[in-house]
Amino acid sequence: MAPRRAAALRDGGVSLRDHLITSAAALIAERGTAGLTVRDIARAASVAVGVLYNHFADKEELLALALHEHVRSVGERLGPPAAGGTLAEDLRAFVVHALDVHAAILPAFAGLVGQPEVFARFDALPDPLAGGRGLHDELAARLRVERDRGRVAAGTDVDAVATLVVGACHELVLPRLYRSPATPVEVPPGYVDALVETVLNGIAPR
């Protein structure tokens, strides 16, 4: 990167390291991670390839940070799920939101199958969704509030419920990592409503 450009980044409050992460995240959003090279990232950031290694230990660190930024951006773009309705409406809105998030980030993760070191570094970072809490903890927190209000049974294990709901979203989306991630995710008719009804009403006979 030319010294003038580097100075402009510093003056604007954006470090060269952050610029590189942002550039890599933009590439991930545009084309995914499959086949993404250090040279591609350097070209997008308008720097020499060697500059990247002045700011990151290796390509895997940069990819993990860029993937983290990409997922955070997706979550921010989609916004939080609606709240303030009935318990069923709010839970349904959360499930739809979680499915949208997973479908949006799927192509990026698909390109990293077979690169466990990138996944390990990504997992070591704070959760990029729901303001750092992640979808599971966000839903558990919402259900905890509802339990305190009396709209959820007093003995409900809200963490178990959150695991069931988020796991159902994973089950629908994540297997596509190994099949056809480029194909749009199709939610089966009635899937969301059936999940919400099962969570609210349970499976034991009345």
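Start by selecting helix H5 (59-78), which gives the second largest pocket the largest share of its lining, four residues. Helices here are DSSP runs of H or I of at least four residues, numbered from the N terminus. You are looking at a predicted model, where local features need pLDDT of at least 70, side-chain atom pairs count only at pLDDT 80 or more, and totals for chains, interfaces and linings use all residues. Residues are numbered from 1 along each chain as its sequence is written, and side-chain values use heavy atoms, with hydrogens and water left out.

A pocket is an open set of points on a 1 Å grid over the protein atoms alone where a 1.4 Å probe fits, with protein on both sides within 12 Å along at least five of seven lines; lining residues have an atom within 4 Å of a point. The volume here is about 270 Å³, counted as the space filled by probe spheres set on points joined across faces, edges and corners.

Now select Gly75, Glu76, Leu129, Ala130 and Gly131, the closest to the centre among 20 lining residues. Colour the lining by class and you get nine nonpolar, six polar (Gly counts here) and five charged (Asp, Glu, Lys and Arg).

Next stop: the largest pocket, with about 440 Å³ of space. Pick His102, Ile105, Phe109, Phe122 and His170, which lie nearest its centre. Then show H6 (87-110), H7 (116-123), H8 (134-149) and H9 (158-173), each giving two or more lining residues. H6 has the largest share, four residues. This lining holds 14 nonpolar, four polar and two charged residues.
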